[in-house]
Amino acid sequence: MTQVPAATRTLKVLTFLASQPDPVPLERIARECDLPRSTAYHLLAAMVAEGYVVHLAEERRYGLGVAAFEVGSGYSRQAPLQRIARRQLASLVDRVGQSAHLAVLHGRDVLYVVEERAPGRPPLVTHIGVRLPAHLTASGRALLASLPAAQVRALYPSPAAFVDRTGTGPKTLSALRSLLTDVRRRGHAVEDSEVTPGFASVAAAVLDHNGHPVAAVAVTFAGDPAPMLVDEVQRTAAVLTRRISGRA
């Protein structure tokens, strides 16, 4: 098969960036990928323009962009993940008596790909195919809390990125960062009446073999949550993490 040098180099750069815990400077990218500095610069500029790479100008470093995250999580949010998750969500609904769903990150939104409704519970806005602002939902917060800080900053570059639904929720990057710090500390995310008045949600992230978030499991309820609700949501997310990451 005829080689395509530009494509090969681009994939090499993306693979290297994906292996790093933090954004890295141009010189290191060129060195690790065995590229001339000018070639690395032009490749990165093209990938920045397409959203696959983020340039942190003040730090003179490059990291993965949202488009790269979406490609990397694409396999997991397609049929294999949905088939694996559906049975687990049905079991979760049976245990907690509330409706549950699975969501994936899509830019600054979460996209709901699986819904299991509990008998007798009212319909929610989280049915399959709906998108909601990630910073307002428990699912989105669980996913954002598992992303590198640079990617969160790239998603929310200004206050204009913080859309509103009910008048509550974070409206600045600093407020979102504080909220996500709490999510990481607790191991789960919550929202209360920030999407739909009178309803609250609890969510936990599903991670791939690299520790990147590929989806979030959430339960939505009205009134006070059952005492075991958080544990059950985290348990379901942990089962899916083991399944999707190939762990026993």
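Student: Is Glu-232 buried or exposed?
Tutor: Relative accessibility of Glu-232 is 13%. Buried means under 20% relative accessible area, exposed over 50%, partly exposed in between (1.4 Å probe, protein chains only). Therefore Glu-232 counts as buried.

Student: What are the ground rules here?
Tutor: This is a predicted model, with residues numbered from 1 along each chain as its sequence is written. Local features need pLDDT of at least 70, side-chain atom pairs count only at pLDDT 80 or more, totals for chains, interfaces and linings use all residues, and side-chain values use heavy atoms, with hydrogens and water left out.

Student: Which residues is Glu-232 in contact with, leaving aside neighbours within four places in sequence?
Tutor: Glu-232 has its place in helix α9, residues 229-245. Helices are DSSP runs (H or I, at least four residues), strands likewise (E, at least two), numbered from the N terminus. Contact means heavy atoms within 4.5 Å. The partners are Leu-92, Arg-95 and Val-96.

Student: How many residues has the largest nonpolar core?
Tutor: Such a core is a set of buried Ala, Val, Leu, Ile, Met, Phe, Trp, Tyr and Cys residues joined through side-chain atoms within 4.5 Å. Leu-105, Leu-144 and Tyr-156 are among those with the most contacts inside the largest one. Its count is 31 residues.
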